[in-house]
Amino acid sequence: MPGKGSALTKDLREFSLAKGADLFGVADLAAVRYFVASQGSSLVTQFPRVVSIGMRLNDAIVDSHSPLESRRDSLYWHHVYAVVTASLDFHAYQVSRWLADRGFQALPVPGSTPYNFEKLEGIFSHKLAAHLAGLGWIGKSCLLLTEPFGPRARFVSILTDAPLDVGSPLDKPCGKCHVCIDACPVKAFTGAEFKPDEGREVRFDVFKCSEYRREHPCGLCVSVCPQGKKKRSSPAE
C-alpha cells in the first residue's frame, strides 16, 4: 500500500508537470553531503532531499543557432537564459511554495547564477541532482543527457525536508562517441567518461569554455549530441 511519501510525491509531480515541467525527479543527498558542502554554504547541507525539475529547449532554436553570433543578437542565448532559465526559477518558486504550504522546508536554488566566480561553480549542482534523481547521466561534455531530450534540457533544484520518494542514479557511458569533443571550438573536453569520484577538471576545462562564451553564444555540445538528435515523430504520427 502506498505510503504518505508516495502520495506526496505523486501530487507534487502532477503539480510540477501541470505547471510546465518536462522532467521531474527527487534525489537523496545523503551520499553526496560532503561534495554538496564543498560547493555551497551550511544552509544547503541542512536538506536531506532535492527535487529536480527539467524543461526542454526548443529544437528549432537549438538546431538553427550559430555560435559565431554575438551574445546580444543570439536567439539561442536569449532562449536558454532569458526564457528557459527564468521559467525554471519561477517554477522552483512555485514548487517551494507548494511544499511550504504543506508544512515542509523548501529552498529553491537559482538555475544559473554563479556562487563562486573564481571556480565558476554554483551554490549547488543541478546536474548532480538530476543525475541522482535518475533523470539522466553525465556525458563526456559534462552535460546531463536525458532519454527524451539528450542535453537539450535545463534544470533547477529545490532542496527540501519533505519525505518524498527518491529515484536512483542513471549511468550510460558515451562509449566511442566523441562528436561533442570534435565540435568544441576551444577543445575544452578531454574525452574522459564521467566518474563520480573525479573532479570536473578531469573531463572539462570550464575556463576555456567560459572565456569563449564571453563573446560567442556557443552551444555546439548541446546541438551536435546524437542523443538529442534522435528521430522524433512528426505531427502526423
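Modeller: Trp77 and Tyr81 both belong to helix α4 (residues 75-101) and stand four residues apart, about one turn of the helix. A helix here is a DSSP run of H or I with at least four residues, numbered from the N terminus. The model is predicted, with local features requiring pLDDT of at least 70 and side-chain atom pairs pLDDT 80 or more, while totals for chains, interfaces and linings use all residues. Residues are numbered from 1 along each chain, and side-chain values use heavy atoms, without hydrogens and water.

Colleague: Why does Trp77 count as buried?

Modeller: Buried means under 20% relative accessible area, exposed over 50%, and partly exposed in between (1.4 Å probe, protein chains only). Trp77 has 14% relative accessibility, so Trp77 counts as buried.

Colleague: Why does Tyr81 count as partly exposed?

Modeller: The relative accessibility of Tyr81 is 22%, and therefore Tyr81 is classed as partly exposed.

Colleague: What makes the pair of Trp77 and Tyr81 tilted?

Modeller: Rings of Phe, Tyr and Trp (its six-membered ring) pair if their centres lie within 6.5 Å; planes under 30 degrees apart are stacked, over 60 edge-to-face, and the rest tilted. The ring centres of Trp77 and Tyr81 are 4.5 Å apart and the planes lie at 40 degrees, so this pair is tilted.

Colleague: Which angle and distance describe the pair of Phe90 and Tyr93?

Modeller: Phe90 and Tyr93 are 6.2 Å apart centre to centre, with 35 degrees between the planes, and form a tilted pair. Phe90 and Tyr93 are three residues apart in helix α4, which means a separation of about one helical turn. Tyr93, at 41% relative accessible area, is partly exposed.

How values were computed
Helix = DSSP H or I, 4+ residues; strand = E, 2+ residues; numbered from the N terminus.
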